[in-house]
Structures are given as structure tokens and as C-alpha cells.
Amino acid sequence: MMKIKVGVIFGGESVEHEVSVISAMQAMNKLDQDKYDIIPIYITKDREWYTGEMLKDIEVYQDLSLIKKYGKNVVLYYNKGRFVLQNKKFPKSIVTDIDIVFPIVHGTNVEDGGLQGYLQTIGVPFVGSDVYASVVGQDKVFMKDIWKASKLPVTDYVWFYDVDYKQDSEDVIKKVEKLDYPVIVKPATTGSSVGIAVCSTREELINGIDDAIQYDKKILVEEVVQHLKEVNIAVMGNYEHQKVSEIEEVISSNKFLTYADKYIGDDNGKLKGGKVPVKGTSKGMASANRKLPADLDDKVRKEVEEVAIEAFKALGSSGNSRIDFLIDEEKNKVYINEINSIPGSLAFYLWDAKDIDFSSVLDEMINIGVKDYKKRVSKTHSFDTNILQGFAAHGGVKGLKGMKGKLR
Ligand SMILES: Nc1ncnc2c1ncn2[C@@H]1O[C@H](COP(=O)(O)OP(=O)(O)O)[C@@H](O)[C@H]1O
Ligand SMILES: [Mg+2]
């Protein structure tokens, strides 16, 4: 049987570059070698694409000059019915075909639809969410707007642009103060806890906004969920079929809870503001502290599972995404916090806890990618007739008439 050539793309110009390298190494180790030819495609921080067997070895990433020297600098494109990696130094040299691309990338420029747009434009089959779902999966305002419109539970929130704030900060503050303090300020699209702050007073809010606009032009402010328990769940599938993983309780980010807790008991009994301690990364790698399975009663568990599937479908996600929840344990209320279209470590540990091993997760993701591709090509996207034919001859655009000679 012919092996399927899987191009695993990772790295890229993102603050989560290194996390992506680790996620990709973990996955390449577990892809079934009897079924797949695994072709690593590494995007450097300066956006050069490299391939080569050596890129399967984590050690080489300690010294980029090794990669530049021994790796093959390539470009992925469509050529006479095939998708190929072509050597940039030797334009006639095609390094390999690619049957399907497997993006294992995190953060801005890559997970956010940037890479998916490129893949969709050249037409290559790929694993995971398409452009639309990837874009909304990176923007905390887009995802909340869609979930809210779909009647799914999210905290109350408002958003604004940095220019709105610069032009009329009072108006923005007035809008924000329709929410109840404490609130949490977040840059909308940066994928790490940087720039996030809890604010209990107007003064803190102003500081929080001043800080957040350093990171993003778009700012989200939402109500803080009290008595917080954070749980994550993965959803695998596409718009047709979905299934859910085990649920984990995240302990490491409870640093934030303890931080808040510390201040809740002060004189006025209110949560004091401050920056959320940076957790290193929000990707939720396999090594983070967690309780797995999470300690939830059946009703809440069921709600998390059902809401996760609806949230996944509402965005049109595909592949294997992780959906993060905030639970108010006192009110027993569940809120969706965010989706990670391509979670750290591909959330394999959440599937493992359900006895689905990493290799099977990867198999399933590739199968879903193939199905998505077939679906995409089965829909009509263009017409064979060229409506521009005879356009100039019919005097379609006046300016074109003068061009006639040139066009011929
Ligand atoms: N509305 C909220 N109420 C309480 N805590 C929150 C809220 N939103 C975020 N947090 C805390 O801040 C952390 C980071 O926020 P999140 O929206 O997940 O951004 P990131 O992209 O950095 O993961 C969360 O893991 C959680 O601990
Ligand atoms: Mg998060």
C-alpha cells in the first residue's frame, strides 16, 4: 500500500513558536509510520520554510544555523496537479510531493487562519479548521459574539478599539462600567496571558486598558467569574459529527484564583486588581498541572460536554480543538471561555484519559481532513466559462477601450 505523505507544518512567526515545535515533535513521534511518510515542514521565526529528516529531532532547534545549513529551504505550491515542496535554491528540484498538510502551529499568523488561508488558496488538503473557523478561534471577541448569538453561555462583556479609547475614553469607560466590577481586561487576539488584568476600580480599569492596548488594537473587557473552577475539554470532528474527550480541571492557572482569593478577603471585601500572573503559555501543554478527570457532578459534566459540542459547531470548527470553561462553583454556572483550534500537545492527554491513544487521535484527524477536503471540492466554487471573455469588445469598461491594442 502506498503511504500517505503527510507534511507536518510547525513553528512560524508567533510567540508560541517553541510550543508548536514541541507539539509537532510529540505528534510526529506518534504518527503511524506504516501508514504515513512524515515530512516535517518547519517555519522559522523569519518565515523561511525548511524540510529534512533532521527536523524530526528536537535537538536541532537549539541551533538554527544547523537548520539553515543542512535543512532544505523550500516553498509549498501547486504544480501540474500535485502539491510539492520545491527547493528554493534549485528551482528545478522538487523535494517531495505532499498528499495532506497537518498544521501543528499555535498563535497569531499561523493558527489564526493565516496559514489556513494559504493552504486553501493553493488548494492542498489539510487537517483542522478552515480559514473561517481559524479566524474566529483566535479572536476572543469574534468567538464570544458568535456564541452569544447562538445562545451559548458566555460572561457579560464589551469590546472596543484602541482608537475609540484614545478618542473618547470616558465614553468607553461608561460602556465598560455597565458591567459589574471586578472585570477582566484582555487583548482580543494575543494568545497568551500577557496584557490580561483583573480590575476592581475605575483606576485599575484605566491602568488595565493602558496596558492591554500595548498588545492589541482590539480590547475585550468581561465580568470576572467568581468561585472559579477552570475545566477544559477537547472536541473532535467537523460540522457533521463530533465527539468529546475527558474533562480536565486546570490547576496551574488557579494561580490566578489564589491570587484573586488573596485579595478577596481584604477590608472592603472586594477583589483587588492586578495583573494575572503569566502562566508561561496558555496552550495547555501535556505537562501542566491538572486533575484528570475533573471533579464534576454529572449534571455539570453533561452541560460542559453538550455546550462544548455546540460551541465547536457554532464556529464551524474541524479537527481536534480544546474548549476552555469557567465554572462558578457557588452558582453552579458554566461559561465558555475560549477555544483553541490547535491545542498544545493536540490535547492528546484528554483523549488518552478516554483510552483513545495519540496515534488514533492523529489518524482520526487526518481522516477528518480528507473528508473536509472532499466536501470542499464537491461544492461549486468557480465556473468554467470566463465571463471576462468579450468584455472589452462589448465596451464593458470605457478605460479598457484604449487598452485594446495592448491587450491583444
Ligand atoms: N471572565 C473571567 N473570570 C475569571 N477568570 C478569568 C476570566 N477570563 C479569564 N480568566 C483567567 O485568566 C486566564 C487567561 O485568560 P484567557 O481568556 O484564557 O486567555 P489566554 O488566551 O491567555 O489563555 C484564564 O485561564 C483564567 O484563569
Ligand atoms: Mg486560556
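Where is P293 found? In this predicted model, P293 sits in the loop between β15 (290-291) and α10.

**Backbone spots in the loops**

The bond that joins L292 and P293 is a cis peptide bond, with omega about -5°. Another cis peptide bond runs from Y181 to P182, with omega near -5°. P182 lies in the loop between α7 (169-176) and β9.

Two residues other than glycine also deserve a look for their positive phi: R47, with phi near 70°, and S345, with phi near 60°.

| Spot | Value | Loop |
|---|---|---|
| Y181 to P182 | omega near -5° | P182: between α7 (169-176) and β9 |
| L292 to P293 | omega about -5° | P293: between β15 (290-291) and α10 |

Are R47 and S345 buried or exposed? R47 has a relative accessible area of 54%, so this residue is exposed. S345 has 0% relative accessibility and therefore counts as buried.

**A pair of packed helices**

Now follow the chain into α10. Helix α10 (residues 298-315) packs with helix α5 (residues 140-149) at an angle of about 110°, and their axes are 10 Å apart. Angles of 65 to 115 degrees count as roughly perpendicular, so α5 and α10 are roughly perpendicular to each other. The crossing of α5 past α10 is right-handed. On the α5 side the contact is made by M143, I146 and W147, and on the α10 side by A311, A314 and L315. By class, this contact of α5 with α10 has 6 nonpolar residues, no polar ones and no charged ones.

**A buried strand with two partners**

The last stop is strand β11 (residues 218-223). How many of the 6 residues of β11 are buried? The count is 6 of the 6, so β11 is largely enclosed by the rest of the structure. In a regular strand, side chains alternate between the two faces of the sheet. In β11, K218, L220 and E222 point one way, while I219, V221 and E223 point the other way, and all are buried.

Strand β8 (residues 157-161) pairs with β11 in the antiparallel sense over 5 bridges, and Y157 has E222 of β11 as its bridge partner. Strand β9 (residues 183-187) also pairs with β11 in the antiparallel sense, over 5 bridges. Here V185 has V221 of β11 as its bridge partner.

Note on methods
Residues numbered from 1 in each chain as written. Chains lettered and ligands numbered in written order. Predicted model: local features only at pLDDT ≥ 70, side-chain atom pairs only at ≥ 80, totals over all residues. Heavy atoms only, no water. Axes fitted to C-alpha atoms, helices over the stretch in contact; angles between N-to-C directions. Helix = DSSP H or I, 4+ residues; strand = E, 2+ residues; numbered from the N terminus. Parallel < 35°, antiparallel > 145°, perpendicular 65-115°, else oblique. Left-handed = near helix turned anticlockwise from the far one by under 90°. Contact = heavy atoms within 4.5 Å. Nonpolar A, V, L, I, M, F, W, Y, C, P; charged D, E, K, R; others polar. Buried < 20%, exposed > 50% of the residue type's maximum accessible area, 1.4 Å probe, protein only. Pairing = 2+ DSSP bridges.
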